[in-house]
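Hi,

Here is the structure I promised to pass on.

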Amino acid sequence: MPTSFSLSRLRKVLAAPEVPAPGRATAATASPLYLRLAEALAQSIRSGHIAVGTRLPSERTGAEQLGVSRTTVTAAYQELTSHGVIVFFLQFDTVGPKNS
């Protein structure tokens, strides 16, 4: 049985303001929240904090855990899916290689 992961663990990462390099980015060009969430999830997967086979929360539950819109979580999951970081099984988002 896959284990579950709470997105609330990533709240600190998303709450921290993004600090752009001097002269490189402004608030208008900073990474969108969904990309920061996707990167935080990808980093957690690469580092082993989220293991292959872990069940991620539904978009709605993840949004509630993080205090963000469901659209943000949906876009982050779509970003990860497009890069083969997560795959969908039934109604759950599960960490795993694209062709498993």
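**What I found**

Starting at the N terminus, the elements of the protein run α-α-β-α-α-β-β. That makes four helices and three strands. Both kinds of element are DSSP runs numbered from the N terminus, with helices being H or I and at least four residues, and strands being E and at least two.

Before you go further, note that this is a predicted model, where local features need pLDDT of at least 70, side-chain atom pairs count only at pLDDT 80 or more, and totals for chains, interfaces and linings use all residues. Residues are numbered from 1 along each chain as its sequence is written, and side-chain values use heavy atoms, with hydrogens and water left out.

**The whole protein**

Of the 100 residues in the protein, 33% are buried. Buried means under 20% relative accessible area, exposed means over 50%, and partly exposed is in between (1.4 Å probe, protein chains only). The protein exposes about 6,300 Å², and carbon and sulfur atoms supply 57% of that. These areas come from the Shrake-Rupley method with a 1.4 Å probe, and for residues only the protein chains shown count as cover.

Now for contacts, meaning heavy atoms within 4.5 Å. Taking those between residues at least 6 apart in sequence, 60% join residues at least 24 apart.

**Helix H2**

H2 covers residues 33-46. It has 14 residues and reaches 20 Å from its first C-alpha to its last, close to the 20 Å expected at 1.5 Å a residue. (The expected span is 1.5 Å times one less than the number of residues.) After H2 comes Gly48, which has a positive phi, near 90 degrees.

Which residues of H2 are buried? They are Leu37, Ala38, Ala40, Leu41, Ala42, Ser44 and Ile45. Take Ser44: it counts as buried because its relative accessible area is 11%. Leaving aside residues up to four places away in sequence, Ser44 touches Leu10, His49 and Ile50.

Thr54 sits in the loop between helix H2 and strand S1 (55-56). With a relative accessible area of 4%, Thr54 is buried. Its side chain reaches the backbone oxygen of Ala51 at 2.6 Å. That is a polar contact (a pair of N or O atoms within 3.5 Å; within protein, one must be able to donate a hydrogen and the other to accept it, and residues adjacent in sequence count only if both atoms are side-chain atoms).

Tyr77 is in helix H4 (residues 70-82). How accessible is Tyr77, buried or exposed? It is buried, since its relative accessible area is 0%. Tyr77 and Leu35 are 42 residues apart in sequence, and their C-alpha atoms are 9.6 Å apart in space.

**Salt bridges**

How many salt bridges does the structure hold? There are two, each being a side-chain nitrogen of Lys or Arg within 4 Å of a carboxyl oxygen of Asp or Glu.

- Glu39 and Arg46 meet through their side chains at 2.7 Å, N to O. Glu39 is partly exposed because its relative accessibility is 43%, whereas Arg46, at 55%, counts as exposed.
- Arg70 and Glu59 meet through their side chains at 3.7 Å, N to O. This pair links distant parts of the chain, with Arg70 in helix H4 and Glu59 in helix H3 (residues 59-66), 11 residues apart. Arg70 is partly exposed, as its relative accessible area is 41%.

Cheers
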